[in-house]
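The following paragraphs lead through a single protein chain, from one side-chain pair to the overall fold and back to individual residues. Please keep the model open while reading.

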Amino acid sequence: MLWPVLLAGEISLRKAPRYIDQLEPDLRRAIANWRRAEVTGTRNLLWYSQGRTLVGAGSLDALAALILIWEIYRHQARDDGMRTAAELIYRCMLIVGDTFKTRGLLAEFFGVLNAKVFSRTTWENGRCILDAEMFAQGVDRLNHAVTTVRDEGKLQSQKAIDRVKKSLIYGRKGYDCLFGLGIPIVPDWRVGPPTRGQQQDGMLKLLQWLWGWTHLTNKTVGTFPFDDLWQGLEADIETESDLW
């Protein structure tokens, strides 16, 4: 189901059901619950509830479902929703990335998703610097993080591995993966100088990502947020921000 969704030029609200109806029952149910919350005005728990269900499914159909949600937000011109859906799409990509890595298609896989989603998403207080190389490194770092998990016992199935990956990227085993495997956004003040709130928000998000990514790269365990690495990165970012 992923490829028809990716190859479709535009998916409007009217066209979305024809794709949704082809998904597995659990995925259709997750989208239906999300849509119900949207229509009734109930607080949308996409990131914490239905989104986790879809990411945790760890399948190409689940990725297609998340892209459909992103398309609906795009049709509604909901930048905040598009950003949330894009974050979930990226995390799901990290889980299914091994499928494409073993076939030597990881860069091509990222390129299609980048053209479809990431390059068309408006990022708050900055711009996305995610690229194919960083995505490939993210897949490797997530796989290594799985090997360090000890409290889950021996992982004997792909389903068990995917379950641990979901736990890692949602921060249940520590904050390193939660921040480091998110989408990196660097401050980019394209519309005049930033407000104090925009400056602080942009810098904090960049610092969180750098902290997690550096720990994953160095294969060290961080103590969020006040370890030596955090303090060193914070000082570096403050220095660089004076130049922006």
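Which side chain does the side chain of D227 join in a polar contact of 2.8 Å? The partner is H215, where a polar contact is a pair of N or O atoms within 3.5 Å; within protein, one atom must be able to donate a hydrogen and the other to accept it, and residues adjacent in sequence count only if both atoms are side-chain atoms.

Two remarks on the basis of these values are needed. The model is predicted, with local features requiring pLDDT of at least 70 and side-chain atom pairs counting only at pLDDT 80 or more, while totals for chains, interfaces and linings use all residues. Residues are numbered from 1 along each chain as its sequence is written, and side-chain values use heavy atoms, with hydrogens and water left out.

D227 is located in the loop between α11 (196-218) and α12 (228-241). Helices (H or I, at least four residues) and strands (E, at least two) are DSSP runs, numbered from the N terminus. D227 is buried but has no salt bridge, and R141, the nearest side chain of opposite charge, is 15 Å away. Here buried means under 20% relative accessible area, exposed over 50%, and partly exposed in between (1.4 Å probe, protein chains only). A salt bridge is a side-chain nitrogen of Lys or Arg within 4 Å of a carboxyl oxygen of Asp or Glu; for charge, Lys and Arg count as positive and Asp and Glu as negative, with His and the chain ends not counted. Leaving aside residues up to four places away in sequence, D227 touches W211, H215 and G222, a contact being heavy atoms within 4.5 Å.

The chain as a whole comprises twelve helices and two strands, in the order α-α-α-α-α-α-α-β-α-α-α-β-α-α. Its radius of gyration is 18 Å, close to the 18 Å that the globule rule gives for 244 residues, so the chain is as compact as a globular protein of that length. The radius is taken over C-alpha atoms, and the rule is 2.2 Å times the number of residues to the power 0.38. Of the 244 residues, 47% count as buried. Among contacts between residues at least 6 apart in sequence, 69% join residues at least 24 apart.

In soluble globular proteins, nonpolar side chains tend to be buried together. The largest nonpolar core here has 75 residues, of which L63, I89, M93, F109, L113, F118 and F135 touch the most other members. Helix α6 (residues 79-101) gives the most to this core, with twelve residues. Such a core is a set of buried Ala, Val, Leu, Ile, Met, Phe, Trp, Tyr and Cys residues joined through side-chain atoms within 4.5 Å. Beyond residues up to four places away in sequence, M93 touches L63, F109, F110, L113, F118 and F135.

Most residues other than glycine have a negative phi. A77, in the loop between α5 (60-75) and α6, has a positive phi near 60 degrees and is exposed, at 59% relative accessibility. N125, in the loop between α7 (106-116) and β1 (126-128), has a positive phi of about 60 degrees but is buried, at 14% relative accessibility.
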